[in-house]
Structure formats: C-alpha cells, structure tokens
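Good morning, colleagues. Please look at the sequence and the structure on the screen while I go through a few points.

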Amino acid sequence: MLAQLAAEFPDFWPEWSIPYWLMSILRVVGGLVAVLLPAGGIVYLFLFKMMSFMQSRLGPMEAGPYGSMQLLAEVGKWMQKEDLAPENADLRIYRMAPLIVLVSTFLLIVVVPFGPQAWFTNFETGIFYALAVGSVSVLGILIAGWSSANKYSLLGGLRAGGQLIAYELPMVLATLGVVIQAESMNLNRIIEVQNTGEIFGIGWFGNPFIITQFVGFLIFMIAVQAELTQAPFDMPIAESELVSGYMTEYSGFRFLIFFIAEFATAGVFSFIAAALFLGGWGVPFEWFGWDNLGDVAWWMNFVGPVIMFTKMFALVGVIMWVRFSYPRFREDQLQTFAWKVLIPLALANTAVTAILKVVL
Amino acid sequence: MAPLSDDTTIKDGPSTDAPAALPGDGLREGIIDNLRSHIGEAIVDTKITPNDDLWIRVSTEAWLTAGQALKNAGFTYFCFLSGLDWMPSPYGTGEEDPDDEPKEPDTEIVQGYTGGETRFQVFARLTDLNRHVGVTIKADVPDDRLVMESWSHLFAGANWHERECHEMYGIGFDNHPDLRNMYLPGDFEGYPLRKDFPLLARMVKPWPGIVDVEPMPAEDEAESPVDDKGDES
Amino acid sequence: MTLTDRQQLSYIASQAADARLNVELETEGMTLNIGPQHPATHGTLRIICRLDGEQVVWAEPVAGYMHRGYEKLTEVRTFPQVTTLVNRIDWLGSFANEVPFILAAEKLMEIEAPPRAQVIRTILFELSRIANVSLFLGDLGVQMGAITPVFLAFRDREYILNLIEGATGGRFHPNFDRIGGLKDDLPKGWIEETRGAVKKLEQFCDTIDDLLFGNEIFQSRMRGIGIIPADIATDYGLSGANARASGIDWDLRRDQDIPLSYDLADWKVWTHPDGDSWARCWIRLQETRESCKIVTQLLDQIPAGPVMTKVPRIIKVPEGEAWVSTENPLGEMGYYVVSKGGLGPFRVKIRSASFNNISIVPWALKGVYVPDVITILASLYFILGDIDR
Amino acid sequence: MPKVPGLIKGLGVTAGILGKTLKNGADTVQYPHEKEAPPIRARGVIALHEENCTACMLCSRSCPDWCIYIEGHKQLAPARRAGGKPRQVNHLDRFDIDYALCMYCGICVEVCPFDALFWSPEYEYSEPKIADLLHDKAKLGEWMETVPEAPELEAGAGK
C-alpha cells in the first residue's frame, strides 16, 4: 500500500500545488524551525554537553532525561525575569537592539535551500543577499553597545563593529572563489554544481568545493568564527574584561533573544557554509542518475533538510570545539590578522581560482 | 618582534640543593660598620640575635638617609614598612570577668628590641638579595609631631606601606605623593591600629566565657565552678 | 641594567601615555572602573583606569573592600588562636600562611619542631602551593576566554584538597600547625594517596602546558606584555614567582636558614630573563612541577618520631621580636611578631606578598591596552585576602 | 619529529578529555544523588557528648570567635558508691554553638578536658536563615552518632 503510494507520488508531484496561504504558513513555520531548532540543538549538544564532557563533567542532568529540557527551563527562567534597563539608556533603541540581531538571523535563513524545491525564496543572487543581510546584526550590536549607557558595553559594541566589518571582507572574498567556480550566485545552483561536478574526471564524489576551495573554506570558517564572536575572536563579549560587552546590561527576555540569536546565527552561517562548500542538501547526483536540478527526486525535499542539519551540526561542532579550546586574541591582533593575513590570502585565492577557471 | 628568549622552555634554571652561603654574624656586624661609616652617629642602637637577625635603630632625622645608605649598600629589596605603638592597650582582650576586681591597666610604655624614647616607632625591613641577609630598621616618631621622611622616592613600594601606616597609626610622611586612606573611608575618624582604639567587636557583646553556672540553692558559693567529675577512676 | 628592545618599547609606550596626559587633549579620556565587581579581579579589587581609546594612560588599584583588620584582631587573641586567623589571608594556600607565624613564635620561644613534624610541614606547605598555583594556571585561561583549563584545575586541585583535608580536617583552613609541631600525625594510607595525587598533578601540568602554554594565541597575548625589569621589581618589593620572572634568583626556601626540610630534596629554582607576563606564568608552571618533585622526594624521607615537642599547656611566648618569612605560593609572606610575654602577641605585622605585588600595578599598566590589563593582573597573581588582610 | 603547533595540540587535549568522559564517565559527582564520603578527620560539625560536659567554660573561653554559649546550674547527683554522700555536679542547661560565627578552627574540641566535644564529618546542616544556625545541645547531641573513630596513624608516628 505504502509502496504503491510512494510509487505513484512522483507522478502527481508537479501538479500537487499548495495554496498561497498554506505556503506562507509553511514558510513561516519552516523558518522558525530552521532558526530555533539549530539554536536549541546547538545549545544542548555543544554548549551543555560537549563543553561539559570536554571539561570532564556531565553538564545539566536534572531537567528532563540527560538534561535535555534544560534549555526550556532556562527560557522559562529568563522569561520570568524583570525587564531591566539602565537609567540613562536610550530606551527605545535599547529595547530594539536584540530584535535587530535576531531579525538578521531570520533574514539570513531565507536564502538557504534545504532541497530542490524546499527553499524559502530562490534568489538569483542568493549569496550576495546573504552576505549583505548578515551584516545587519552589526547594527543591532552597535545599537546595543551605544544605548546601554555603559562603558563596557560601548567598548564591546565598538569592538564588535570593528571586528565584524573587518571579517566581512575575507568572508566575501572567500565566497568569491566559490562563485567563480560555480558561475552563479544562486545557492541552489551552487549546490547543483557541486553535486554534478567532477574533479579531474572523477565524478563519483561530485565536486564539493571544500576540496578545490580548501583555502577559501578555511578563511570562510575563520571569518564565521569571528562574525559569530566565538572564541578566539570573542573580544566584543569578553566576559573577563568587558563583562559580556554589549550584552552587559541586558537581562531576562532581551538577553534570551541575544542568546538565541548567537546560536541561531551560528547555525545559519553553518548552513550557508554547508551549502557553499560541502554540497549542501545534495548527494552526488550521479549516484541516482540525475543530470540536473530538475531530475532530482521528490524525496530529496525531505532527505535534504536532514543532510543539511547533519552538515550544519558538524560544522558548528568544529566552531564550538575551537571555542572551548582557545583563549582569545587581543583586539589589535585580531585586526592585524584580518587585514594582513586573511584578506591577502583570500585575494590570492580568488585570483588563483579565476586564473585556473580561465585556463582549464 | 621576536620573543625575548626564543626557547619557551628554559632548561637551565640555577639549581642548588643547599642554601647558598648563609650570612653569619660577622656579616651583620660588617653591615652595621658600613652603615655607621655613612650616617655616623645617627645609629642609636643595634641588636644582633646570634645567627638570626639584625636590628638597627636610627635617629628620626636620619630615617631617609639610613634607607638611602642601606640601599646603596646592596639592600635593594624592599620588604615592608610599618608602625609600632608601644603603649599597652587600655582595653585588654575583652575577656575579663566583670565580677572580678578590675585590674589596674598597665600604662608603662616599654619599647622592644633596640629601645626607643617615643610611643610610636616606624620600622621597615630591607633585604640584600645577593648576600641573603635582611635588616630591620627602626626609628622613633617624635610624640609632638608624628611625621617622618617618606621613603616612597627611595623605594617605590614604600608608597602603599606608608599610606597604610598613615591610616592605621596616624603617622604622616613628608614628601609622600599621595597619602590617602587605603582601606577605610576618607572620613573615618581614629587610627585603628593604635592601642587606644577600641576593637568594637569585643566591646558590643559580653564575653560568653563568663562563668554562668548557678550555684546550688542554699549552699555556700565557695566551691570552684569546675566540678571534679572528670577524674573518675 | 641593559634594557632589551621590548622593555624599551614598553617604556616608550608608557612615556607616551604620560605625555598625552600632560598636553592639552583634543579628545576626552574615559575613566573605566574595573571592579570592585568584575570577573577579572578575583574578588573585590577595583582598578580605576583612565583610557585613551583602549589604551590605559593611568591606572590605580583601590584595595580595601575586604579589609578584615587581622593585625588588630591578633592583639586580642592568644597565639594558638591567631593561627585560625592567618589561615584566611591567602585562602587558596592556607597552610602556607600558618607556617611562618608558627615559626616566628617558635623562634621567640627558642624551640624547634621535631624532624618528623618539619618534614610533614614541608610536605603540606608544598601541597598548599600546588593547590594554590594549579588554580592560578586554570584561571589564567579564563582571563583570556579559554574556559576549559579552569575546570581541569578545579578537578585536579580537588585531589590535593582531599589530601589536606584527610590529614588536617580542613579543606581550606587546616589550622594544623601548632607551636612546637603539628596537631596530629598523618592518618594511615595518606602517603600512598599523596603519591598518586602528585602524579595526577604532574599530568595536569603537562595538560596545561599543551592546552594553554603551547597555544600560539596564548603566547602572542603574553609575550612582551607587562615587562617588569629587575630593579623595578626589587624597588616595589615584588617577591616569589613575579621576582624570579624578572631574573632575580631569590627563593626563600633555598636562601635562608629555616627549620623546614627543603634541603632534603633535590629541586630547582627557576628564573626567567624576560620579566613579562609569559615569564611569570611559565615560572609558576615550572614551580608546580618542582613542588610535585619536592613532595614525592620528601614522602620517602619522613623520619619516625613524635610530631610535637614538649610545650606548656598554656603557651606564653617570652618577650622579644621575631621576623620569619617563607616562600609562599604568592611570594614572600612574613610575620613580624612582637611579644610582651603574654598569652597573645603584642603586635603582629603581616607582610603579605600580594600587597607588594599589586602595588606595582600603576607602573605596570601604563600604556597597555585594556585586554592586557587583564592578562597582566592575572599574571601578577594576587588574592584579595592577601592584599587586604 | 616536527613540533606540533600548539593550536592543534590544544584541540587534541579537549578532544581527548571528551573521549575519556564518554568512555569512563565524568570526574564529577552528581551531588544529591550520590555523595562522596569526607575523610575521617574532616571538620564538618561539632558534636556534643552531653554527659561528659561539666560546664567548665574552657571551650567557651578559648573560642576565638566567642560563639559558644554555656549556662548551667549546680545540683546533687546520686553518690558513686553505695552509702556515699550525694555529689554536687554542674548540670548543663544550655550549650549553644553559633555556626554562623564559628570558624571551624577546632580549638574548643582540643581544649576540652572531659572529651565532651567531637568533630563529625557531617556537613548537610545548612539553614535558610542565619539565625537558625545557632544550634542547641539537643541538636549537637544528635551529631554524636556520626562521630567516627579516630583514624590509625601512618607508620613511624611516635609518642
């Protein structure tokens, strides 16, 4: 019965249309899931468990089995807390700042494809858009730092501003290599190229750009680490010097938003990195005899997200692993590293890619 | 910029099993003679405890020059500087039975090693890191004007110690850059380490050690409160 | 004294910072209060920094938020009661605080502890050094955002604290030292347990070496930062690892005649020529290893015999003055005890290491950046109870 | 062997501990569910053996913090030997220790000439209010049950 249904399903798939309102609801729900699920998963898996295990302890164990409900308990705690604001704070924008940071995360998820048809929007210039709205969070952080009327917050906000802008550039340049190789800025197209491509005639594994663009991948991940302000680049937060920097004055619900945004953004950036360098939602098309995006079977819309989430968690795992192992740089060392090492390297990478693209 | 020493693991720290040549009393006498040759009669008194330690008391005026002379003689390491109040405390330890006859408080000021004429003294300790010998240097603080020369330009570390001494004993230091309180609020009255400053913790509460064993009703109270139950045999 | 390039640069930076304060400023500086409630101040130290951008042009520590007036309290306590007070000066290495005070009282009474007590004292002294410095090594990472080392430090320090508790009854405040010896002998099985724990601590040192000291980021944060030349160090009375990191070969365990059993063991005094934050931290790492070595060697050499000499039940210390200082985990800690022949001391001057070590902060912080303030403070290593007493 | 960069080594250390924790379990103890036994000598709380106390005030007087409060009265106790005269003994009315003040130095236990005070390793007696930390002789007596035997001494311990 089920097998029969499954066999017949592809036939009516193209005609199977969803009304616009349902589509909209699906997208909103999907967006919430794609942002909040990674955030929750990352916090539980990495922040609560992996970090604890790396420090030879168990982490939260009381709320739910193996402490799995701990995050919900924390959310409950934060919701109950008083919404505090410093006396001299610029209240309106002070309250707005966490939302701006969170909104930028939601804006980012819009272009991430989870399957051949499972996307929110299919921009032709998807990666350009992603890099552009990725910087919106800087505004939120700067606003938070300035409006808190706290010197630590101000220093943290300024550091964050300088750092995020400095690392935007290597990130853009690192993606440039991918864009040159894929000849497209559409993320779904980039994924398609990776899964249909071949390296020196071997197409069995596709062509995930992590192999040909390894330097670009490294630069991208370092830049992501800095964008996310995770150690060793966490000086805007720097709890031991700036007492959490721009987040110092936030409490309760607003802190929760910052907190969610931090880990949701880690997830979304890892989604993008997975799409750019790890072949995204796809499996090498050759395995199933697909030629292009149009051929991909319908079930990839359901398997794709699973693959995406797996890759995302793997990447976030590396980000968190680094975070829990390294001390942080100093602000000027970080800028030096960005401008004197990463950017020249990324430029060279782009140039080499471009030359090879033309030559080969 | 290259690191100052490239090797992060310097393997040849000096190693010794036994203490390097320990100072003898001859060395300590030599120190006194050396100091006397510089500040002359300003040395009022000295004391050597055999194979142990050395005290020198200098006159009030020579406090700074003595420090300078000692520093030049190799005592470069500044250990501490503080004050002494030789007046016996009028309050005791707060552990007196109120029923007892109040004892006449001892008011005689007796200075310790190397003597002295005044109630307050300052003392400091300097160490010679090469010869492994230390010296305690003392000076009287005149009773009518509790002010000494500051050592803070001689030993930078004396700055904080003099501030502490000023706040605790009320001894001033001339030419000290910044004689604010370290611990106490700026408008605090009194000098806590002076013996006539009461320790409130021992004043506000009665001593629980006062014997509080009610005697037998209709019995004479000559017996000691401690019963002989313990030596049961 | 010849200055290296780096030291000169540090001087130039601080001079530049000075000059900037003196000229008419077009921009306004910012005063940043680090503390008294701040994660980097290990308690309640407050550091007022005047900043130009993120560069410190002037800094001053404000101590005293934890002043407990121990020097006054000693005046109303008997000699055995004072030991419980001095336990709480440097609360991470508390046994080490008792020893110099007891030695000073013993010096005045002209008695000496029996050899067994001396060796056990030395072992406990070194164990409290390990407990203290291992926490420093872990905390060092936290000051720079690496959160893992501190948990490892807490885990491994626990082995030492268990030992101290097993022998003395108190984890943090042993109160085990008595005038004339020790309160009690070691419980059975303690020596074997100590051997195992010390091995674990040696492993901990290697882990920290790999995880933190070997890390290039850590090195770039610590190298050439907060250089303190030797003459400045002696001027301020820096002691312990801070002085040895400036190339001063001075260790009170070796360089004075003291009734502790350091001469029974074969160990090294480490010095480093640089005088920067890195040197200070590295010296402490090496010292922890040396302490492990001392403990392992002394465990084999505990002589049989009593742990207490004959002392009267009610201890009256003869009139006199005595100064005894020992090489405590934080540096030179000494007590100047004046006795008038009574039950309690007439005056006790407590010379604690952190007080001097932290008085150099205004000098050392000139011209550095805010993040370096944290690393320099961390590398100078102070404990609030040791500053304020 | 070429030197492994510290950055890689650091990642290796944390991964190693992660693996060890997964394999052998954590080094921590899940406190309310499982408890570590404190050492025999641990100074947890002071227990009072009331029968031995003669209200001699020695502990109260030697306490550096003045946190022991003793009251008593004299009364007649039956004679030790048959036909003897009734003895006069001190009866303890009040023996309070204020654990909010106590520094756990153990001087009172040491000075007690009649073996009435003991250290117990018991540690779970926290109270929500500081005032409730003033424990009376009934409470102190309950802790007598938890007082362990003194440990054996290490070889070579002399008298």
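This is a predicted model: local features need pLDDT of at least 70, side-chain atom pairs count only at pLDDT 80 or more; totals for chains, interfaces and linings use all residues.

Setting aside neighbours within four places in sequence, C:Val373 is in contact with C:Ile34, C:Cys49, C:Val56, C:Leu365 and C:Val368.

In chain A, at least three residues of the core come from each of domain 1 and domain 2. As general background, nonpolar side chains tend to be buried together in soluble globular proteins.

I turn next to the division of chain A. Domain 1 covers 36-80, and domain 2 covers 92-359. Taken over C-alpha atoms, the centres of these two domains of chain A are 24 Å apart. Their contact involves 14 residues from domain 1 of chain A and 15 residues from domain 2 of chain A. Which helices of chain A supply at least two residues each to the side of domain 1 that touches domain 2? They are α2 (20-54) and α3 (70-80). Of the elements on that side, α2(A) gives the most, with 11 residues. By class, this side of domain 1 of chain A holds 13 nonpolar residues, 1 polar residue and no charged residues.

The helix I would show you in chain C is α11, residues 277-299. This helix of chain C has 23 residues and reaches 33 Å from its first C-alpha to its last, close to the 33 Å expected at 1.5 Å a residue. Is α11(C) mostly covered or mostly uncovered? It is mostly covered, with 18 of its 23 residues buried.

Finally, I come to chains C and D. Here 29 residues of chain D are in contact with 32 residues of chain C. On the side of chain D that touches chain C, helix α1 of chain D, residues 6-24, supplies the largest share, 6 residues. That side of chain D comprises 16 nonpolar, 6 polar and 7 charged residues.

Thank you for your attention.

Notes:
Residues are numbered from 1 along each chain as its sequence is written. Chains are lettered from A and ligands numbered from 1 in the order in which they are written. Domain bounds come from an automatic or database domain assignment. Two residues are in contact if their C-beta atoms, placed from the backbone, lie within 7 Å. Helices (H or I, at least four residues) and strands (E, at least two) are DSSP runs, numbered from the N terminus. The expected span of a helix is 1.5 Å times one less than its number of residues. A residue is buried if 20 or more other C-beta atoms lie within 10 Å of its own, exposed if 12 or fewer, and partly exposed in between; C-beta atoms are placed from the backbone. Ala, Val, Leu, Ile, Met, Phe, Trp, Tyr, Cys and Pro count as nonpolar, Asp, Glu, Lys and Arg as charged, and the others, Gly among them, as polar.
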